[in-house]
Every structure is written in C-alpha cells, then in structure tokens.
Amino acid sequence: MRTYGNGKRSGRYISEEMSYRAKRRARRRRRRQIRDRVIVCFILALLAGGLCFGGYHLFHRKPAEDTVATASVPAITKEPDTKENFFQNTAFIGNSFVNDLEDSGLIKEADFFGRVGLNLDSVMELPARNGDIPAADAVCQKQYKRVFMVFGENELGWREPEVFVSKYSDLIQKVKASMPDVKIYVQSVTPVTAKASENARFGVTNENIVDINGLIRRVAEENQVYYADLHSAVVNEYGCLPDDVGGDGVHFNQKYCQIWVDYLRDTFTEE
Amino acid sequence: MKKRSIIVLISVLVCLLVMGGCGGQNVTLDTEAAAETLTALDIFDEPLEKMDNDVARKLYQVEEDTVKNMAVYTGTAAVVDEVSVWEAKDAAAATKIEEAIKSRIESQKTSYASYRPEEVPKLENAVTVRRGNYVVFCVSKDSGQASAAIEALWQSNNSK
C-alpha cells in the first residue's frame with residue numbers, strides 16, 4: 001500500500017485499492033456461487049437416485065400371494081434349533097400313544113394332551129388325561145412353537161375317508177387359528193406286529209394302516225402342515241412292527257418311544 | 001398283696017400299650033426294592049417299566065413335598081397294570097397319597113370303560129395297603145396274589 005509521508009494514502013491508490021477489493025469480493029461471490037451450485041447438483045443427484053431405486057421396487061415387487069401359491073406342501077425344512085432345545089414349547093395331542101410318550105419321561109419339557117381312545121371326534125369333546133376341558137381347547141390355551149398330532153389308530157374302523165380328512169382338517173385349522181405361527185406335524189400311524197395285524201382287532205391291520213397313512217399325507221398337503229412319517233422309522237422289511245415292541249404288539253414301550261423321539265428330533269432339527 | 005397285684009396289672013397294661021403303639025411306627029420299607037419284588041410276579045399282562053418320579057408325581061397329581069421316597073412301574077397304555085410304592089413324609093401326606101390313588105383308579109376306570117372294558121375289573125380289584133407312612137398300590141390280573149405279596153413285604157422288612 002502506497003502512503004505519503006504523513007500516513008495518508010493517495011487518491012489514485014485509493015481507487016486502485018477499491019478496485020482490488022471489489023475484484024476480491026467478486027471472486028469470492030463467484031466461488032460461493034460455484035459452491036452453491038455444486039451442492040444443489042449433489043442433492044438433486046441423491047434425490048434422483050433414491051426415486052429410481054424406490055420406484056423400481058415399488059413397481060417390481062413380487063406379490064405375497066405368488067409366494068404362498070407355489071408352496072403346496074412345506075418342504076421338511078430343517079429349522080434353526082438345536083437337538084437340546086427342540087422340544088421346548090412343544091405340545092403333543094392325540095391318542096394312547098401320546099400317553100405312552102408322556103409316561104416314558106423322555107420329553108419332560110413338552111406338554112401332553114393324550115387320552116386312551118381319543119379320536120378326531122372325541123378330541124373336541126373329551127378332556128385329555130387329568131384334564132378338565134376338551135383336549136382340542138386345552139391345547140389352544142398356550143402359544144406353542146410346535147404341535148404334534150397323533151391320530152389315526154382309533155379311526156382305522158371309520159368307513160368314510162372324507163370324514164377323516166375333514167375332521168383332521170378341522171382340528172388343524174382350530175389350532176392354527178389359535179396360534180398362527182405354530183408348526184404343526186401330523187404323524188403317520190405306526191405299524192403293528194404281524195400277530196397283532198392277524199388279530200385285526202378294531203380294524204387294526206398293517207394294510208389298513210398304510211391306507212390311512214395315505215389320508216394323513218393328504219391332510220398334510222391340503223392343510224400345508226408337516227407329515228411326520230414315524231411309520232417308516234419303525235417298520236421292518238415285512239411291513240410290520242418288530243416283535244421286540246412287546247406288549248400288545250401295537251403300543252410303544254420305552255425302547256420304541258426312544259426311537260420315536262430320536263426320529264422327530266433328527267428329522268426336523270437343523271444342526 | 002392287693003395293692004401289689006394292681007401295680008403289676010397296670011404295669012403289664014402299660015407295657016402292652018407301648019408295644020402296640022410302637023409296632024405301627026416302626027414299619028419300614030425300601031420302596032424301590034418293594035416295587036421290584038412286586039413287578040417280578042407273574043400277575044401282569046405285560047412287563048412293567050419304571051417311570052420317572054417327576055412324571056409319576058404328575059400322573060398321580062401328587063405334590064413333591066408330600067413324598068419322601070417312591071417307585072412307580074407301569075405297562076403301556078394297552079393295559080392298566082401298575083405298581084406304585086410310596087413313603088410319605090408324614091401321616092397327613094400318606095393320606096393325600098391314598099386319596100390320589102383313589103382318584104387314579106376312578107380316572108382309569110372312566111378312560112378304559114370305553115377303550116378297553118376288559119381292563120376295568122383289574123381296577124375294581126386293585127390292592128391298596130397303607131402301613132404307617134407307606135402306601136403300596138398294585139393293579140394286576142390276580143389281586144389275591146398281589147395282596148399276599150404285599151403282606152410278605154411288611155413281614156420281610158420288619159422282621160430284620
């Protein structure tokens with residue numbers, strides 16, 4: 001800055017300084033304008049990108065109905081459980097086999113709603129052993145993760161397959177309505193010993209058992225629940241239950257209850 | 001002389017009363033061994049298997065604090081055959097166990113009346129014996145042999 005001896009600046013310098021400052025202000029103004037334009041462009045680019053991304057998924061999303069319609073029978077998928085906790089929050093409902101399983105003490109953490117002679121009619125009317133209300137109502141009093149249904153043995157004498165399928169479906173739908181997230185497993189009827197099959201007491205023969213298991217499989221498909229094929233886990237090469245089951249050749253002793261438990265745990269648990 | 005006779009008589013009576021009173025309270029039974037002895041008899045329609053105590057208490061609807069020792073054996077659901085031997089914690093608890101056994105019998109009768117009516121007579125002839133704080137229960141096809149076997153248990157355990 002040029003100054004006189006007295007410290008004052010010349011008029012010419014004053015105008016030069018003013019010009020310099022004006023130019024500096026102008027330069028700063030231009031820089032701000034450029035900066036602001038860059039910011040605006042960046043924001044616009046972000047908005048544009050967001051709209052494009054959301055719009056794609058909005059108009060190209062697969063309807064839920066399509067996903068459900070293609071899965072007619074849930075594959076026996078392995079679930080993220082461990083073998084140790086598999087039976088937690090689980091219920092078994094059904095006939096005398098459920099009593100035997102409970103009495104075996106092999107699954108203390110499950111709840112049992114079994115009664116000797118229980119069938120798909122009486123399950124809606126009679127209480128389970130030591131129960132107060134119909135077994136079908138009792139099982140619906142809690143939200144279970146899994147419900148295993150054991151029916152068919154006491155229905156072997158029924159003459160109307162459609163009635164069997166209909167009543168089994170009714171029970172399944174009742175339970176599903178009560179606990180929408182539950183996994184339901186309908187279990188096949190197990191074979192009987194050759195001698196028990198010969199006796200054909202109340203229609204209990206291995207041939208009839210194979211037939212009713214066909215109906216149970218259909219129940220599973222139509223209701224989109226799991227089919228637990230315990231029959232295949234215990235049947236021998238003659239289509240019978242081995243004689244070492246003892247007893248009446250129908251009901252399971254401790255040994256076969258253990259096979260039952262192992263089958264369910266091994267088949268439906270994901271390691 | 002008369003006074004001496006009276007004293008002797010009273011002493012004898014007192015001794016008899018004390019002996020009688022102590023006889024019932026000295027009853028002991030190994031519940032597990034007793035149950036095994038009974039299940040080995042040939043009076044059941046199928047082999048009986050031991051039941052877990054927690055499961056058995058739930059089955060009989062008996063509280064844990066009622067029982068000191070226990071052993072329960074059952075068959076499959078095809079039969080009502082059963083053996084249970086209980087040592088209750090006290091006399092009141094033993095009464096509760098007796099009541100639980102009565103309820104069990106009635107419940108089984110109701111269930112099996114339509115399912116397997118041929119099993120009901122076994123329940124009607126079920127044997128339940130209580131001595132002190134012990135209760136022994138047996139359902140079999142031969143109640144006479146069961147009763148005799150249970151009586152033998154008391155004798156063999158309390159003659160030692």
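The model is predicted; local features need pLDDT of at least 70, side-chain atom pairs count only at pLDDT 80 or more, and totals for chains, interfaces and linings use all residues. Residues are numbered from 1 along each chain as written, chains are lettered from A in written order, and side-chain values use heavy atoms, without hydrogens or water.

**Helix H3 of chain A**
- Helices here are DSSP runs of H or I with at least four residues; strands are E runs of at least two.
- Within chain A, the buried residues pack against strands E1 (90–94), E2 (111–114) and E3 (146–150) and helix H9 (254–268).
- From chain B, helices H3 (53–60) and H4 (91–115) join that packing.
- A:Gly105 follows H3(A), with a positive phi near 75 degrees.

**Interface of chains A and B**
- In contact (heavy atoms within 4.5 Å) are 20 residues of chain B and 19 of chain A.
- The two chains bury about 1,700 Å² between them, 49% of it on carbon and sulfur atoms; this is accessible area (1.4 Å probe) lost on being put together, summed over both parts.
- There are 5 salt bridges between the chains (a side-chain nitrogen of Lys or Arg within 4 Å of a carboxyl oxygen of Asp or Glu).
- B:Lys58 forms a salt bridge with A:Glu102, with the closest N and O atoms 3.1 Å apart.
- A:Glu102 is also one of the buried residues of H3(A).

Terms used
Buried < 20%, exposed > 50% of the residue type's maximum accessible area, 1.4 Å probe, protein only.
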